[in-house]
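Please open the model in your viewer and keep the selection tool ready. The tour goes from one selection to the next and says what is there.

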Amino acid sequence: MTRRTMKVGMLARVEGEGGMHVEVRDGRVEQVRLNIFEPPRFFEALLRGRDHSEAPDITARICGICPVAYQMSACLAMEDTFGIEVPEPIRLMRRLLYCGEWIESHALHVFFLHAPDFLGFDGGIEMAREHRGVVEAALRIKHAGNQLMSVVGGRSVHPVNVKVGGFHRMPTMVELTGIRPELVAARHDLLDLVPLLAGFDFPDLEQPHMYFSLGAEHGYPLESGSLVTSAGLHAPVSSFGEHVVEEHVEHSNALHARFDGANYVVGPLARYSLHSGSLSSLAAEVARAAGLGPTCRNPFRSILVRTVELVYALDEAVRIIDEWDGGPASVPVDVRAGVGHGATEAPRGLLYHRYRIDDDGSILDAWIVPPTSQNQPSVEEDLRLFVQDRLDLPQEELTLQCETAIRNYDPCISCATHFLDLTVHHR
Amino acid sequence: MTALVVGLGTPDRGDDGVGPVVAAEVGRCDLPGLHVVRLTAPAELLHLVDGYDSVVVVDALRSGGVPGRVRVLNARVPGNRAAGTHDLGLAEVVALARELGRLPPRFTIVAIEGECFDTGTALSPRVERAVPVAVDAVMTALE
């Protein structure tokens, strides 16, 4: 009997703290575990008793990378509870703010966290030594996202301008047109980098999982929509709990989610495979130039899909600014008791919030399902499939490829703990 | 000569707020060619330092040393850096600026050892007393 164990104690270039453990016995992958030891966060419990109006800013603190996602899902859930549908200008301004978050988050992951894997560097700083132009351009792209967040959200991290019912203040036309040139320049920078990314050597892996995202009511899914799966389901956001069940597993402080009992995937691959037809013409052209078809099931190519989404976010931001015609910053909020659901597309995938509100507007209970806990079982399954076919690889190379396979998901452990360190055991 | 003083830190997070307090004091001196800014995230530094002859970053430090102790570091000398996740720390930003050839000709870090970093607290007395010492250190670095 031969046993092989691979182990990485602390996974780098992911957000938060976790590891991985893979055990192989007699040529068969026996166990794959993402060990998430970052402590639980208890956000859902601390929301109880707080006013509904506090939920967007409290939940934004779950993540420094995707605070807008938390704010948007919280606002939609509260507005659903109170029977409010915000006017079109507010929805558009939310979409613009969300574009800023996608630009910040995707630029960071594509160029600083994921590209070093394909170019053979330990990290973005080492990569800068040989690819100075790439890193300079990536910094400019990320900066454009920061500026957009600052103009619409009040600051580049944890925006302060969002509230249930809309915004505290709408940005002025002068502020919006002021950031347009930087967005256009960032789009130009990004287009120049596409051939480099498209030329990466992508390992073969076809994932079998179901894809789950919001349905696009207004173009590619972002700030609103209903539930859509690759299995053909179209359902309202309120039915989320009828399909998704979270369970605790021993090796993880993040809950594992299953959709009707099966593994599934949220995020760029799901959004792209379900909605590539809704991309802007430039983003669609970049997808073709990068060698992507109408769907993409190879998680290693997620870096290309994120790049396409980055083009889309820059395009969409410019479009919204060009068509902006003003509007009220917010609508009045009349509280009432009830249950509300909200879901938006965080950079890493669908983020669902559900609240039960008392008649004084206070929160009775909260349920928050972040993208990384939804993807966890599929990450483990990808690793199982991936390692099984590559057992002849040297230990160091296989371990590195496993880490890359995890970073395919841009996992946000801090969000999911309610998550990573890589241990691959060959026994 | 053009110079930039950056107060790095978050006010109302105890001694983490000392950077902006020291930078504000330096700003009151109204030196010609001197710009003073306040930052909460070091990553933005990369976009700010271009074109300055001298940059001084004032930041709180947590090294287990004596609270209030002021240290002056030459950021042009390569040092150690911690492993990063989704956010760039000051050491990583300096390392990245070095790789990109964007280190200003003079780049100094004035670090003040902090004691308490709790949310909702002001500067601790020993760090408060170190503010004039840190201001002098910034002025010396700018000479």
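Select helix α3 of chain A, residues 67–81. In this predicted model, 15 of the 15 residues of α3(A) are buried, so the helix is largely enclosed by the rest of the structure. A residue is buried if 20 or more other C-beta atoms lie within 10 Å of its own, exposed if 12 or fewer, and partly exposed in between, with C-beta atoms placed from the backbone. Helices (H or I, at least four residues) and strands (E, at least two) are DSSP runs, numbered from the N terminus.

Residues are numbered from 1 along each chain as its sequence is written, while chains are lettered from A and ligands numbered from 1 in the order in which they are written. Because the model is predicted, local features need pLDDT of at least 70 and side-chain atom pairs count only at pLDDT 80 or more, while totals for chains, interfaces and linings use all residues.

From first C-alpha to last, its 15 residues reach 21 Å, close to the 21 Å expected at 1.5 Å a residue; the expected span is 1.5 Å times one less than the number of residues. After the helix comes G83(A), with a positive phi near 70°.

Next, select Y98(A), which sits in helix α4 of chain A, residues 88–119. Is Y98(A) buried or exposed? Y98(A) has 29 other C-beta atoms within 10 Å, so it is buried. Leaving aside neighbours within four places in sequence, Y98(A) is in contact with V68(A), M72(A), L222(A) and E223(A). Two residues are in contact if their C-beta atoms, placed from the backbone, lie within 7 Å.

Move to a sheet in chain A. Four strands form an open sheet in the order β8-β7-β6-β11 (chain A), with mixed pairing. Two strands pair if DSSP finds at least two bridges between them. The edge strands, each pairing on one side only, are β8 (234–235) and β11 (264–265) of chain A. Inspect β6 (residues 210–215) and β7 (residues 226–229) of chain A, which run antiparallel and are joined by four bridges. L214(A) stands opposite L227(A) in β7(A). Then select helix α9 of chain A, residues 268–275, which lies across β6, β7 and β11 of chain A and runs at about 75° to β6(A). Axes are lines fitted to C-alpha atoms, for helices over the stretch in contact, and angles run from 0 to 180 degrees between N-to-C directions.

D260(A) lies in the loop between β10 (256–259) and β11 of chain A. Its phi is positive, about 45°, although D260(A) is not a glycine. Most residues other than glycine have a negative phi. D260(A) counts as partly exposed, because it has 13 C-beta neighbours inside 10 Å.

Chain A has 14 helices and 15 strands. Its radius of gyration (taken over C-alpha atoms) is 21 Å, close to the 22 Å that the globule rule gives for 427 residues, so chain A is as compact as a globular protein of that length. The globule rule is 2.2 Å times the number of residues to the power 0.38. Buried residues make up 56% of the 427 residues in chain A.

Switch to chain B. Its open sheet of five strands has the order β2-β1-β3-β5-β4 (chain B), with mixed pairing. The edge strands are β2 (34–39) and β4 (70–74) of chain B. β4(B) pairs with β5 (residues 106–113) of chain B in the antiparallel sense over five bridges, and N74(B) stands opposite T108(B) in β5(B). Helix α1 of chain B, residues 18–27, packs on the sheet, touching β1, β2, β3 and β5 of chain B.

Finish at helix α3 of chain B, residues 90–99, whose buried residues include L90(B), V93(B) and L96(B). The buried residues of α3(B) pack against α5 (124–130) of chain A, together with β1 (3–8), α2 (45–48) and β3 (54–61) of chain B.
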